[in-house]
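I have kept each point to what can be checked against the coordinates.

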Amino acid sequence: MSLEALLVVAAALIAIGLYGALSQQSIVMLMMGLELMLNGVIVAAASFWYYVAPSRPDGQVLVLVVISAMTIEMAMGFAVQTAIFRAGEVELTDEATELSG
Amino acid sequence: MNEDVVTTVVFVLLALVAVGFGFLVFRVDSMARATFALAVSFVAVGGILLLLDLDYLGVVVVVMMVMEMAIMAVFMIAYMMNPAGLMPMSMYHDKPRAMSIAVGTFVVLAGGALLVDWPERQGAPPDDVTEQVGLGIMGSHMLVMMGIGAVILSTIVSALVLASARSRYDRLGDDLKARPARDPIRGGVGP
């Protein structure tokens with residue numbers, strides 16, 4: 001276990017999350033891709049805390065911020081999904097074109 | 001067996017579980033299974049945090065994400081098109097391009113992780129890691145947590161506003177003094 005190994009794991013999680021967020025049609029699955037990307041950020045922040053500056057709490061606080069960002073993203077994502085589903089039965093990203101062009 | 005060897009083996013296993021189940025999220029045939037695959041990935045990341053001596057944060061990640069995925073499963077059932085995974089599910093658009101962008105991102109990030117000359121470790125973890133983060137968020141990093149508190153409060157309000165079908169000003173038309181109509185047939189049926 002080393003900083004480099006942990007960062008490669010974080011990079012893999014971020015890349016898989018990006019693939020999901022870009023390729024999935026369902027809005028709910030897109031949000032799962034975003035969650036996976038933030039999951040990678042948690043790994044990166046924690047490993048930087050442990051391997052670079054363990055004597056200061058900055059890394060740990062950053063992990064807390066990312067965890068809150070995940071919950072906020074989920075809550076707002078589902079609220080927007082509920083709102084646009086109510087407005088126009090939209091559940092796929094391809095149908096949510098109200099603001100395009 | 002040497003303690004370092006055990007740590008390395010556990011780390012490799014957890015990393016494989018985190019990445020493997022993360023990829024499985026977009027491969028399984030049912031959204032419920034995808035939710036549980038994501039939960040397993042989060043639990044593995046929580047385990048990695050425990051390996052890094054982050055006892056409190058590791059447990060927080062496991063507990064919060066299991067709860068979050070349980071709530072997510074409810075929404076999945078509300079919005080998903082293939083509840084039980086009885087049929088193959090394929091809901092992709094622009095898959096080759098998404099895959100090439102993702103692989104490119106991984107190459108860039110992993111290359112950076114391996115090539116950059118990271119700084120030397122400064123200091124050592126304190127005896128009580130949880131005390132460190134507790135004193136941090138109640139002292140030097142208090143502004144961060146106050147900001148998060150305000151953002152979470154506004155998230156609660158705006159999520160409710162977005163998700164509710166009619167709010168208080170739209171209850172019975174736009175006149176706030178309007179009372180419920182006196183229907184000849186009760187229960188809101190009929191014109």
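Is D94(B) exposed or buried, and how many other C-beta atoms lie within 10 Å? D94(B) is exposed, with 12 other C-beta atoms within 10 Å, where a residue counts as buried if 20 or more other C-beta atoms lie within 10 Å of its own, as exposed if 12 or fewer do, and as partly exposed in between, the C-beta atoms being placed from the backbone.

1. Basis of the note. This is a predicted model, in which local features need pLDDT of at least 70 and side-chain atom pairs count only at pLDDT 80 or more, while totals for chains, interfaces and linings use all residues. Residues are numbered from 1 along each chain as its sequence is written, and chains are lettered from A and ligands numbered from 1 in the order in which they are written.

2. Confidence in chain A. The mean pLDDT of chain A is 89, and 100% of its residues reach 70 or more; pLDDT is the predictor's confidence in each residue, from 0 to 100. Within this chain, helix 1 has the highest confidence, at a mean of 94, and helix 3 the lowest, at 90.

3. Architecture of chain B. The secondary structure of chain B comes to six helices and zero strands, helices (H or I, at least four residues) and strands (E, at least two) being DSSP runs numbered from the N terminus. Chain B is divided into domain 1 (1–84) and domain 2 (129–165), with bounds that come from an automatic or database domain assignment, and the C-alpha centres of these two domains lie 24 Å apart. Of the 191 residues of chain B, 23% count as buried.

4. Contacts between the chains. In this model 58 residues of chain A are in contact with 69 residues of chain B, two residues being in contact if their C-beta atoms, placed from the backbone, lie within 7 Å. On the side of chain A that touches chain B, helix 3 of chain A gives the most, with 19 residues. By class that side has 40 nonpolar, 13 polar and five charged residues, with Ala, Val, Leu, Ile, Met, Phe, Trp, Tyr, Cys and Pro counted as nonpolar, Asp, Glu, Lys and Arg as charged, and the others, Gly among them, as polar.

5. The nonpolar core. The largest nonpolar core has 71 residues, of which V9(A), L13(A), V43(A), A46(A) and A18(B) touch the most other members; such a core is a set of buried Ala, Val, Leu, Ile, Met, Phe, Trp, Tyr and Cys residues joined through C-beta atoms within 7 Å. Helix 2 of chain A gives the most to this core, with 16 residues, and the core draws at least three residues from each of domain 1 and domain 2 of chain B. Leaving aside neighbours within four places in sequence, V43(A) is in contact with L6(A), V9(A), A10(A), L13(A), V45(B) and I48(B).

6. Helix 3 of chain A. This helix has 31 residues and reaches 44 Å from its first C-alpha to its last, close to the 45 Å expected at 1.5 Å a residue, the expected span being 1.5 Å times one less than the number of residues. Its buried residues, among them M70(A), M74(A) and F78(A), pack against helix 2 of chain A together with helix 3, helix 5 and helix 6 (142–163) of chain B. Helix 3 of chain A is followed by E89(A), whose phi is positive, near 55°.

7. Helix 1 of chain B. The 22 residues of this helix (residues 3–24) should span 32 Å, and the end C-alpha atoms are 31 Å apart, which agrees. L14(B), A15(B), A18(B), V19(B), F21(B) and G22(B) are its buried residues, and what covers them includes helix 1 and helix 2 of chain A together with helix 2 of chain B.

8. W49(A). This residue lies in helix 2 of chain A and is buried, with 28 other C-beta atoms within 10 Å. Not counting residues up to four places away in sequence, W49(A) touches P54(A), G59(A) and Q60(A).

9. Positive phi in chain B. D94(B), in the loop between helix 3 and helix 4 of chain B, has a positive phi of about 55° although it is not a glycine. D53(B), in the loop between helix 2 and helix 3 of chain B, has phi near 70° and is partly exposed, with 15 other C-beta atoms within 10 Å.
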